[in-house]
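Hi,

Here is the structure I promised to pass on. My notes on it follow below.

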Amino acid sequence: MAKTMLSVAEVLDELDVPKSTFYRWLNTGRGPKRIKLPNGKVRIRRRDLDTWLATFETTAA
């Protein structure tokens, strides 16, 4: 079964970007939607990451 909530480490691994870049995207509103849990940890919903990634898709001309 696929995970519905991803940790920042899992997202970083999938996107292959540094943590600083990812947090810059989040803090400037250019990243996927995030959920901040009461314990301070951040999670990204799988569907929100997929939706965000789809905005960068291009089609061949």
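**What I found**

The three strands make an open sheet, ordered S1-S3-S2, with antiparallel pairing (strands are DSSP E runs of at least two residues, helices H or I runs of at least four, numbered from the N terminus; two strands pair if DSSP finds at least two bridges between them). Strand S1 (5-7) and strand S2 (35-36) are the edges, each pairing on one side only. S2 and strand S3 (residues 42-45) are joined by two bridges, and Lys36 sits opposite Val42 in S3.

Before you dig in: this is a predicted model, with local features needing pLDDT of at least 70 and side-chain atom pairs pLDDT 80 or more, while totals for chains, interfaces and linings use all residues. Residues are numbered from 1 along each chain as its sequence is written, and side-chain values use heavy atoms, leaving out hydrogens and water.

Now the helix H3 (residues 46-54). Its buried residues are Asp48, Leu49 and Trp52 (buried is under 20% relative accessible area, exposed over 50%, partly exposed in between, with a 1.4 Å probe and protein chains only). They share one side of H3 because they cover an arc of only 100° around the axis (taken from the directions from the helix axis to the C-beta atoms). Arg47 and Thr51 are exposed on the face turned away from that buried side.

Leu49 and Trp52 also belong to the largest nonpolar core, which has twelve residues (a core is a set of buried Ala, Val, Leu, Ile, Met, Phe, Trp, Tyr and Cys residues joined through side-chain atoms within 4.5 Å). H1, H2, S3 and H3 each give two or more residues to this core, and H1 has the largest share, with four.

Cheers
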